Amino acid sequence: MEEPLVLDTLAHEETDIFEDTAGADPAVLFGAAYRSFAGPVQGYLKARGVDDPEAVTQDVFLAFYPRIDELTGGLQGAKSLIFSIAHARMVDHYRRLERRPQLTPYDPRDDGRTTPSAEDHAVELTAGAADMLAGLSAEHQEVLALRVVADLSIEQVAAIMGKSTGAIKQLQRRALQNLKAQTLTRKQANNE
């Protein structure tokens, strides 16, 4: 099945802006790219566990703006460039985390509260996709985040992850199989 060339939510007039970027106003191109991809970029970063996805999304677009003049490939070229920058920022985030000093872990035995906190309740309500991805390997998490959350093509994911398209297809298939198996195991455990 052929991948769609544009996002379903992208307005038709914004698609036309990317058709011929030569000589186009960079501010207009930037505005259209931001409206089209800021949400998916933030979703990708949030799914990958970045601490402040809103701030990192802004950093991605700040890094994208000076490169607008070099942009080729129209809308798909902009999307690929933006998500390549987002992926690099996500990698930088985890490299920074590795260099941070270790913090003392939370010990529930030292907690004198007798009822769950509002924070615990809020975390339970918003855990969804992150919990589902947590049981997968890092590569499986990455391929699903790029394919499903970021809505990138197999070719774009292959370029970002430095793998062949066949390897990406296999990773995605195995990740989905593992996710399905985990979901079935959870359902069985909940029914018992």
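Which side chains meet in a salt bridge of 2.8 Å, N to O? Those of Lys163 and Glu139 do; point 4 returns to this pair.

1. Basis. This is a predicted model, in which local features need pLDDT of at least 70 and side-chain atom pairs count only at pLDDT 80 or more, while totals for chains, interfaces and linings use all residues. Residues are numbered from 1 along each chain as its sequence is written, and side-chain values use heavy atoms, with hydrogens and water left out.

2. Helices α3 and α4. Helices here are DSSP runs (H or I, at least four residues), numbered from the N terminus. Helix α3 (residues 53–64) packs on helix α4 (residues 74–99) at an angle of about 130°, and the axes lie 9 Å apart. Axes are lines fitted to C-alpha atoms over the stretch in contact, with angles from 0 to 180 degrees between N-to-C directions. That makes α3 oblique to α4. Oblique is what remains once angles under 35 degrees (roughly parallel), over 145 (roughly antiparallel) and 65 to 115 (roughly perpendicular) are taken out. The crossing of α3 and α4 is right-handed, meaning that the near helix is turned clockwise from the far one by less than a right angle.

3. The contact of α3 with α4. Contact means heavy atoms within 4.5 Å. On α3, the contact is made by Val56, Asp59, Val60, Phe61, Ala63 and Phe64. On α4, Ala78, Leu81, Ile82, Ile85, Ala86 and Arg89 make it. These residues divide into 10 nonpolar, no polar and two charged. In this scheme Ala, Val, Leu, Ile, Met, Phe, Trp, Tyr, Cys and Pro count as nonpolar, Asp, Glu, Lys and Arg as charged, and the others, Gly among them, as polar.

4. Salt bridges. The count comes to four, each a side-chain nitrogen of Lys or Arg within 4 Å of a carboxyl oxygen of Asp or Glu. Lys163 and Glu139 form one, at 2.8 Å. The pair links distant parts of the chain: Lys163 is in the loop between α8 and α9 (165–191), Glu139 is in helix α7, and they are 24 residues apart. Lys163 is partly exposed at 31% relative accessible area, and Glu139 is partly exposed at 37%. Buried means under 20%, exposed over 50%, partly exposed in between (1.4 Å probe, protein chains only). Another bridge joins Arg109 to Asp107 at 3.1 Å, N to O. Arg109 is exposed at 71%; Asp107 is partly exposed at 24%.

5. Asp151. This residue sits in the loop between α7 (138–149) and α8 (154–161). Phi of Asp151 is near 60°, a positive value in a residue other than glycine. The Asp151 side chain meets that of Lys79 in a salt bridge (3.7 Å, N to O). Lys79 is in helix α4, 72 residues from Asp151. Asp151 is partly exposed at 37%, whereas Lys79 is buried at 6%.

6. Helix α8. Is α8 enclosed or open? Six of its eight residues are buried, so α8 is largely enclosed by the rest of the structure. The buried ones are Ile154, Gln156, Val157, Ala158, Ile160 and Met161. Just after α8, Gly162 takes a positive phi of about 70°.

7. Leu144. This residue lies in helix α7 and is buried at 5% relative accessibility. Leaving out residues up to four places away in sequence, Leu144 touches Leu133, Leu136, Val149, Gln172, Ala175, Leu176 and Leu179. Tyr44 is 100 residues from Leu144 in sequence and 9.7 Å away in space, C-alpha to C-alpha.

How values were computed. Helices (H or I, at least four residues) and strands (E, at least two) are DSSP runs, numbered from the N terminus.
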